[in-house]
Amino acid sequence: METTQQASFPHLNEPAPAFKARTTHGDRSLEDYRGKWLILFSHPADFTPVCTTEFIGFAQAAPKFAEMNCELLGLSIDSLFSHLAWTRNIKEKFGVDIPFPIIEDIKMEVASAYGMVHPGAADTQAVRATFFIDPNGILRAMVYYPMSNGRSIDEFVRLLEAMQTSDENGVATPENWCPGKPVIVPPPKTAEAADKRAGEGYDTVDWYFSTKSL
């Protein structure tokens, strides 16, 4: 009888899987990031072209993430020494310092807990998975990319800004929202509230669709 390997995937709006691991900046655990946002992202392997461009992009955006109280943490199924050699190579060949830690996950403990290695894959490389964890340790967003295509770091900045805006103001954000654009007011939950919505001062298209500026 054949069995199918099941991937373990964390769930949105639940506590992110705890971890403790060696990194290029010493030991790190999820608890170390309590009180800050964390973007945990995996890459298939060190010394690969697409991953190199992504790490350069994350490094260049690191100051922006820091302004938003967000730390970065990379991971692949490579040794600590491979990570160190690769980051030194990026500095030498591209002139870019990698300011964030990279997890050594040879035993695939963190990758397995976060569903970074998919069953049926041709090898044990971690896919391009990205996880947004809020200051309370809650997993808020997951984004997966194929092996062949690099991520958009600008989109991750935008998404983090959108989630922080929603948290701070109790609103939602529309497609491709950026700071300065109108936000979506939560729709009424009762018939009485729906009747009152048009007179509440929002830019209301219909009772269920209202926006406002912050």
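Modeller: R22 has a relative accessible area of 41%, so R22 counts as partly exposed (buried is under 20% relative accessible area, exposed over 50%, partly exposed in between, with a 1.4 Å probe and protein chains only). The model is predicted, so local features need pLDDT of at least 70 and side-chain atom pairs count only at pLDDT 80 or more, while totals for chains, interfaces and linings use all residues. Residues are numbered from 1 along each chain as its sequence is written, and side-chain values use heavy atoms, with hydrogens and water left out.

R22 belongs to the uncovered face of strand β1, together with K20; A21 and T23 make up the covered face. In a regular strand the side chains alternate between the two faces of the sheet. Strands here are DSSP runs of E, at least two residues long, and helices are runs of H or I, at least four, both numbered from the N terminus.

Strand β1 covers residues 20–23 and pairs with strand β2, residues 26–29, in the antiparallel sense over four bridges (two strands pair if DSSP finds at least two bridges between them). D27 in β2 is the bridge partner of R22, and S29 in β2 is that of K20.

R22 and E104 form a salt bridge, with their closest N and O atoms 3.0 Å apart (the term means a side-chain nitrogen of Lys or Arg within 4 Å of a carboxyl oxygen of Asp or Glu). E104 lies in strand β5 (residues 102–104) and R22 in β1, so this pair ties together parts 82 residues apart in sequence. E104 is buried because its relative accessibility is 16%.

That salt bridge is one of 13 in the structure. Another joins R34 and E31, at 3.4 Å from N to O. R34, at 48% relative accessibility, counts as partly exposed, whereas E31, at 51%, counts as exposed. D134 and R140 form a further one, their closest N and O atoms being 3.2 Å apart. D134 is buried, with a relative accessible area of 7%, and R140 counts as partly exposed at 21%. Salt bridges with shared partners also join E54, R128 and R151 into one network.

The whole structure has 15 aromatic pairs (rings of Phe, Tyr and Trp, the last by its six-membered ring, pair if their centres lie within 6.5 Å; planes under 30 degrees apart count as stacked, over 60 as edge-to-face and the rest as tilted). F41 and F58 are a stacked pair, 3.9 Å from centre to centre with 20° between the planes. F41 is in strand β3 (residues 37–42) and F58 in helix α1 (residues 49–67), 17 residues apart. Both F41 and F58 are buried. F132 and F156 are both buried. These four residues belong to one aromatic cluster that also includes F55, W86, F100 and Y145.
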